[in-house]
Amino acid sequence: MKKSDLIVLRSSSKFAAWDVITIVEAAVSVLSESDVFEKARLTKRYCEAWKDGRIHRVSPSSEPIAVPPSPARPLSDYVQVPVDQQDEHQQKLARMLKKNTVEVTVHGIANAESYAIDLFWDLLARYWKVTTTFPKQYIDDLVFIAEQEAYHFLSWDGRLRNFGLNFGCFPFQDGLWQSATDTSVINLTHEAKGLDTYAKSRQKLVQIDDKESVAILDHNYKEEIGHVAIGVKWFKEICKTRGFNSPVDVFHELSGKFFKGKLREPFNHDARKIAGMTEEWYLPIAG
């Protein structure tokens, strides 16, 4: 591992010294990186270092931490060109977008997974003062999810390359970040909604006999159920420590206050139930 990935220079009015990065500083490093492939690389390295103990502190003891208000993100390579001025490649991409082909679907999933990397590092960074009061297992779980999201993104990017396309060839959507900026219940809203869209995405891939994409989707789907389960576990624990008797009622209140949009059918009731998110959590607030 490169020294620069794990070492930072700390300085004061009297001295300066090299020190090991903290996990919150690692989170800020990922959030500040606009290259999605570098985000994934840094995520894998920081997660490995946290698991093996090379990164062992949560945050610097005395230094303020500047957390980006939003993650640095890449710009799409897609350019809107008048039909009569499009070259052959641009015409091909425009047809794919219009027909919402499997390539567009895979690109959209890859984009969502790249945002998921940012979302879970943001949970660590934005709420770092609170995080320091939680058990280490809480941080372990967030790091675990961030690492899996990095692998999910890379798996879908690899599929795009199999199609002869690059990530960024289609427009990006930032709805996942925009609807999560005011609340930390990501696992219980966005991750759970990902379980709901699984069947439709899978059916689309099966219809064109895309076995490779189906295999990726199935593998990642099982891990996403685990992400929702982790969210339910810690939401209940945090409610308990703060004296709230009904986590479900708290979730309904937070969703109504912060979640942008409505929870809409279809719902993957079976997967949600496996994750511990029974119907009482979401049906009363479905729109």
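Trainee: Where does Asn100 sit?

Mentor: Asn100 is in the loop that runs between helix H4 (88–99) and H5. Keep in mind that this is a predicted model.

Trainee: Why is Asn100 called partly exposed?

Mentor: Its relative accessibility is 41%. Buried would need a value under 20%, and exposed one over 50%. A value of 41% falls in between, so Asn100 counts as partly exposed.

Trainee: What makes the backbone of Asn100 worth a look?

Mentor: Asn100 has a positive phi, about 50°, and it is not a glycine. Most residues other than glycine have a negative phi.

Trainee: What is the phi of Asp209, and which loop holds that residue?

Mentor: Asp209 is not a glycine either, and its phi is positive at about 60°. You'll find Asp209 in the loop between helix H10 (198–207) and helix H11 (211–241).

Trainee: How do you know that the bond from Glu265 to Pro266 is cis?

Mentor: Look at omega: it is near 5° for the peptide bond from Glu265 to Pro266, and that bond is cis. Most peptide bonds are trans. Pro266 belongs to the loop between helix H12 (247–258) and helix H13 (269–274).

Trainee: Which residues make the contact between H2 and H5, and what kinds are they?

Mentor: From H2 you have Ile23, Val24, Ala27, Val28, Val30 and Leu31, and they meet Ile117, Asp118, Trp121, Asp122, Leu124 and Ala125 in H5. That contact divides into 10 nonpolar residues, 2 charged and no polar.

Trainee: How do helix H3 and helix H7 cross?

Mentor: The axes of helix H3 (residues 36–52) and helix H7 (residues 136–162) come within 9 Å, with a crossing angle of roughly 145°. H3 passes H7 in a left-handed crossing. The H3 side includes Val36, Phe37, Cys47 and Trp50, while the H7 side includes Ile139, Val143, Tyr151 and Arg161. By kind, the residues of the H3 and H7 contact are 12 nonpolar, 1 polar and 8 charged.

Trainee: What makes Cys47 a buried residue?

Mentor: Its relative accessible area is 0%. Buried means under 20%, so Cys47 qualifies. Cys239 has a value of 4%, and by that cut-off it is buried too.

Trainee: How many disulfides does the structure hold?

Mentor: It holds 0 disulfides. To count as a disulfide, a pair of cysteine sulfur atoms has to be within 2.5 Å.

Trainee: Why is Leu160 called buried, and what does it touch?

Mentor: Leu160 is in helix H7. The relative accessible area of Leu160 is 0%, which is under the 20% limit, so it is buried. Leaving out residues up to four places away in sequence, Leu160 touches Glu103, Val106, His107, Leu165, Asn166 and Phe167. There is also Ala110: it is 50 residues from Leu160 in sequence, with the two C-alpha atoms 8.7 Å apart.

Trainee: What makes Thr189 buried?

Mentor: Thr189 has 2% relative accessibility, under the 20% cut-off, so it counts as buried. Its place is in helix H9 (residues 186–196). Setting aside neighbours within four places in sequence, Thr189 is in contact with Phe251, Ser255 and Phe259.

Trainee: And the chain as a whole: how many helices and strands, and what share is buried?

Mentor: The protein chain has 14 helices and 2 strands. Of its 287 residues, 47% count as buried. Take the contacts between residues at least 6 apart in sequence: 77% of them join residues at least 24 apart.

Definitions and conventions: Residues are numbered from 1 along each chain as its sequence is written. This is a predicted model: local features need pLDDT of at least 70, side-chain atom pairs count only at pLDDT 80 or more; totals for chains, interfaces and linings use all residues. Side-chain values use heavy atoms; hydrogens and water are left out. Contact means heavy atoms within 4.5 Å. Helices (H or I, at least four residues) and strands (E, at least two) are DSSP runs, numbered from the N terminus. Ala, Val, Leu, Ile, Met, Phe, Trp, Tyr, Cys and Pro count as nonpolar, Asp, Glu, Lys and Arg as charged, and the others, Gly among them, as polar. Buried means under 20% relative accessible area, exposed over 50%, partly exposed in between (1.4 Å probe, protein chains only). Axes are lines fitted to C-alpha atoms, for helices over the stretch in contact, and angles run from 0 to 180 degrees between N-to-C directions. A crossing is left-handed if the near helix is turned anticlockwise from the far one by less than a right angle, and right-handed if clockwise.
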